[in-house]
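Trainee: Could you walk me through this one? I'd like to learn how to read it piece by piece.

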Amino acid sequence: MLLPAERKWYHQAATYALLIGGLVIVAVPFIYMVSTSLKPQQYTFEYPPRLLPSEVTLNNYVQALSKDLFFLYFLNSLVVAVATTAATVLISSLLAYAFSRLEFPGREPLFYLLLLGMMIPPVTLIIPQFLVAKTFRLLNSYAGLVVVYVTMNLSMQTFLLRGFFESIPSELEDAVRIDGGSQWTMFWHIILPLSRPGLATVAIFTFLYSWDEFPWAHVAIKETTRRTLPIAIALFQNQHLTQWGQVFAASVVALLPVIAVFVLFQRYFIRGIARSGLKG
Amino acid sequence: MTTRGMIETFPTRLCTLVRSAFRARMAYLFLLPGLALFTLFVVYPMLYSLRISFYDWNIIRPERSAFVGLDNYATILQDPIFRRAVLNTLAYTLVTVPAQIVLALIVALLLDQEIRGRTFFRVAYYLPVITSWVIVTLIFEYLFNSQAGLVNYLLRDVLHLVDEPIRWLADPILTMVPIHLLGIWKGVGWSAIILLAALQEIPADLLEAAAVDGAGPWQRLRHVTLPLLRPTLVFLLVVLVIGGLNVYISVLLITDGGRPLDLTHSVLTLMYKETFDRLNFSGGAAISYLLTAFVFVISLLQIRLLRRRVEY
């Protein structure tokens, strides 16, 4: 808003004050979660509440992680999220390539049909999806989660990638075409390598979605050993209503991969969004 | 055109279409995996639940279901619980969407400057976005609990605004406070990142030129920056309104599925309860379709009324 030349020291100071104020609001719930996970059970409802634990213990972690097949749930979530992410990146970039670079009858109507997918509340599709999944014997399986997660991501991610692909200059393709390259060569060797920030953005969105998804997993998975983390944590909280320390210990562990993925990919993230169809 | 002319042109046109489709067969191969999944898990389910919504659906023996026309819709629309759920959902959307956009704009403007620790701030502000809804909802439940929650402690013992701890999670109106605050708290980072990306696209010389012409910071914000952000703001508005009308997990977990007395439902938690607790599949499908239609109309209206082309 202010140009560099106009900036005074008090502008700087105000900027930092506001940013740090916001940071406190963002951070306090997280700090509270971590500190409660480190408090002994009897301090969970201590009054006045303390932001930092007076006594630190890892007991909640030991308890939560040894309970209820926690590691299995973690592994389930990881397998599903990785498979969903890989499949979504591939399938939605195929779609986006066709919609941004190829001419074919039905291009516009098909694209609008796909966009319609962004407006439908996912929960409203659950009943028939359940019936379809049952027909194909996909209930209680990784595959049943992955196919639905990929499908629910297609509209948004294709839209995002199409914008991204369109920002790649077409001169490059003309060069490939003159050299006799096929559409596939173009897609695989030119467009995809040039789109890394876009693909990273899609990967982040999809991984987070899959790691977080609750309603479909809640319906599609009834077998205990196939549960993913959100289901496990919600049920855990229901069963152990006052054991907030353990609930939060499990939550902290569930949060770690997400933070890792985000920190790893974040430098692509803003660039990816800036060039995608996302800013309208 | 004569009848004969039409008879001749139709097959010719069909031929041209088939031929160009054949020439573009590679394109359909690119589309095949995606559209197959989309048809199976989105298009078919949409049509299926539309059909269910016109029947008194028999789950065990679908072929015995009776066609009832619009009865399910009529029943739902007259149901006071549904009306309450609609009000709750509209209130959630009207509160959380503007709050998210305004706060996100402030954060984005602050982050769009030469400051130290930019990456750190960006990651930190995005943390609530990437945290699972289930986890953040549990955290908020804990912060707002009436026994020893941080919020009550601050209100009573630090700020002395209340004498008794407030029972946030037991009262149908007060429950909206943690739910709305959670929606805003979790959403700001996402909008801020998208606005930040858009801000960085605005050419610096435009702002400098405005400054040379004597425009102060506020005037530049109003007459240069905001108009250029317009497409992004419209996009955010549309997406956030859709998200707000679809509020689900936080309400489900905080109100435990509509407690007390089904007064705290959002449209989707009610739909879920109707379908899976009461096994009223037709009613659930009708609720789904009412919501989808509403979302569709609202989105189109917003895009029609607000979108204008902007040239840099």
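This is a predicted model: local features need pLDDT of at least 70, side-chain atom pairs count only at pLDDT 80 or more; totals for chains, interfaces and linings use all residues.

Mentor: Residues are numbered from 1 along each chain as its sequence is written, while chains are lettered from A and ligands numbered from 1 in the order in which they are written.

Trainee: How many helices and strands does chain A have?

Mentor: Helices (H or I, at least four residues) and strands (E, at least two) are DSSP runs, numbered from the N terminus. Along the sequence the pattern reads α-α-α-α-α-α-α-α-α-α-α-α. The count for chain A is twelve helices and zero strands.

Trainee: What percentage of the residues in chain A is buried?

Mentor: A residue is buried if 20 or more other C-beta atoms lie within 10 Å of its own, exposed if 12 or fewer, and partly exposed in between, with C-beta atoms placed from the backbone. The C-alpha atoms of the chain fill a box of roughly 75 × 65 × 30 Å along the principal axes. Of the 280 residues in chain A, the buried share is 43%.

Trainee: At which residue does H10(B) bend?

Mentor: A straight helix of 29 residues would span 42 Å, but H10(B), residues 217–245, spans only 36 Å between its end C-alpha atoms. The bend is about 55°, a proline, B:Pro231, follows within four residues, and the residue at the bend is B:Arg230.

Trainee: Which helix gives the most to the side of chain A that touches chain B?

Mentor: Two residues are in contact if their C-beta atoms, placed from the backbone, lie within 7 Å. The contact takes 72 residues from chain A and 84 from chain B. With twelve residues, the top contributor on the chain A side is H12(A).

Trainee: At what angle do H5(A) and H2(B) pack?

Mentor: Among the residues that meet there are A:Pro128 and A:Val132 from H5(A), and B:Phe41 and B:Tyr44 from H2(B). Axes are lines fitted to C-alpha atoms, for helices over the stretch in contact, and angles run from 0 to 180 degrees between N-to-C directions. These two axes are 8 Å apart, and the angle is about 120°.

Trainee: Is A:Arg137 buried or exposed?

Mentor: A:Arg137 lies in the loop between H5 and H6 of chain A. Its phi is near 55°, a positive value in a residue other than glycine. Because A:Arg137 has 10 C-beta neighbours inside 10 Å, it counts as exposed.

Trainee: And which residues does B:Leu253 contact, leaving aside neighbours within four places in sequence?

Mentor: B:Leu253 sits in helix H11 of chain B, residues 249–254. B:Leu253 is buried, with 22 other C-beta atoms within 10 Å. Leaving those sequence neighbours aside, its contacts are A:Ala234, B:Val134 and B:Thr137.

Key: The expected span of a helix is 1.5 Å times one less than its number of residues. The bend at a residue is the angle between axes fitted to the seven residues ending there and the seven starting there.
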